[in-house]
Amino acid sequence: MTDTAAATCEDRRRKIGRIGQIVALIILLLCILFLGWQVLQFGKADEGAVVTQYEGMTREEIQAELDRTVRENMMTVSVAPTALLDENGDVAVNVINEESNRFPQRFSLIQDGEVVYRSGTIDPGKTVSSCHPDHISAGPAVIEIQALDPESSEDHGSPTRVDISIVEADES
């Protein structure tokens, strides 16, 4: 190989080496920019999310705070498993909103997938002993209980469903 050919080959290697260094530098710069963007996004909350700061709290304090939140939102559901249907079409449902509940409730009586009765607001400590649905017959039904926001009476949380049996009352 002549000196000129060797020099040309060496120049090509240097050019390729510089191009490789430039590409590596661009990739490194993009990685740094992406990492910086991720750090900036880390502190932002999702829309609609409730962000709570537990910074400086021990694991036990965090657990106690979470347990308190659960206790505040618990609801006891009391429903008779058997509802009596009388000759007037009244149904003895015995839906009780326990005194210990924080939230008012509303219930729906559902049979064959159709809501046949929807109650008004039932405050804690109150009982609905019977209701008069549009139409109902003996057989399986569901009582769906929905907690209500104490201020707005809007639905609060997810409803709870209880399977019940509707039986005709004895006419004795």
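## Close-up views of a predicted model

**View A. Pro 140 stands opposite Ser 165 in strand β8.** Welcome to the structure, which is a predicted model: local features need pLDDT of at least 70, side-chain atom pairs count only at pLDDT 80 or more, and totals for chains, interfaces and linings use all residues. Residues are numbered from 1 along each chain as its sequence is written, and side-chain values use heavy atoms, with hydrogens and water left out. Strands β7 and β8 run antiparallel and are joined by seven bridges. On another side of the pairing list, β7 meets β4, also in the antiparallel sense, over six bridges. Here Ile 110 stands opposite Val 142 in β7. Two strands are said to pair if DSSP finds at least two bridges between them. Eight of the nine residues of β7 are buried, so this strand is largely enclosed by the rest of the structure. Buried means under 20% relative accessible area, exposed means over 50%, and partly exposed lies in between (1.4 Å probe, protein chains only).

View B. Helices (H or I, at least four residues) and strands (E, at least two) are DSSP runs, numbered from the N terminus. Of the 172 residues in the protein, buried ones make up 22%. The protein exposes about 12700 Å², and carbon and sulfur atoms supply 54% of this area. Such areas come from the Shrake-Rupley method with a 1.4 Å probe; for residues, only the protein chains shown count as cover. Among the contacts with a separation of 6 or more, 59% are between residues 24 or more positions apart. A contact means heavy atoms within 4.5 Å.

**View C. The hairpin of β4 and β5 has two residues between its strands, and Asp 112 takes a positive phi near 55° there.** Asp 112 is not a glycine, yet its phi is positive. Its place is the loop between β4 (105–111) and β5 (114–118). Is Asp 112 buried or exposed? With 76% relative accessibility, Asp 112 counts as exposed. The two strands pair in the antiparallel sense over four bridges, and the bridge partner of Leu 109 in β5 is Tyr 117.

**View D. Ser 153 is another residue that is not a glycine but has a positive phi, at about 60°.** You can find Ser 153 in the loop between β7 (139–147) and β8 (160–168). Ser 153 counts as partly exposed, at 37% relative accessibility.

**View E. The largest nonpolar core holds 18 residues, and those that touch the most other members are Val 93, Val 95, Phe 107, Leu 109, Ile 143, Ile 164 and Ile 166.** Strands β2 (82–85), β3 (91–97), β4, β6 (126–131), β7 and β8 each give two or more residues to this core. A nonpolar core is a set of buried Ala, Val, Leu, Ile, Met, Phe, Trp, Tyr and Cys residues joined through side-chain atoms within 4.5 Å. Which residues does Phe 107 contact, leaving aside neighbours within four places in sequence? Among them are Val 93, Val 95, Tyr 117, Ile 122, Val 128, Ile 143 and Ile 145.

**View F. Three salt bridges are found in the whole structure.** A salt bridge is a side-chain nitrogen of Lys or Arg within 4 Å of a carboxyl oxygen of Asp or Glu. Asp 155 and Arg 106 meet at 2.4 Å, N to O. Asp 155 lies in the loop between β7 and β8 and Arg 106 in strand β4, so the pair ties together parts that are 49 residues apart in sequence. Glu 144 and Arg 161 meet at 2.8 Å. Because Glu 144 belongs to strand β7 and Arg 161 to strand β8, this pair ties together parts 17 residues apart in sequence. Glu 144 is buried, with a relative accessible area of 19%, whereas Arg 161 is exposed at 53%. In Glu 65 and Arg 68, the closest N and O atoms are 2.5 Å apart. Both lie in helix α2 (residues 59–73), three residues apart, about one turn of the helix.
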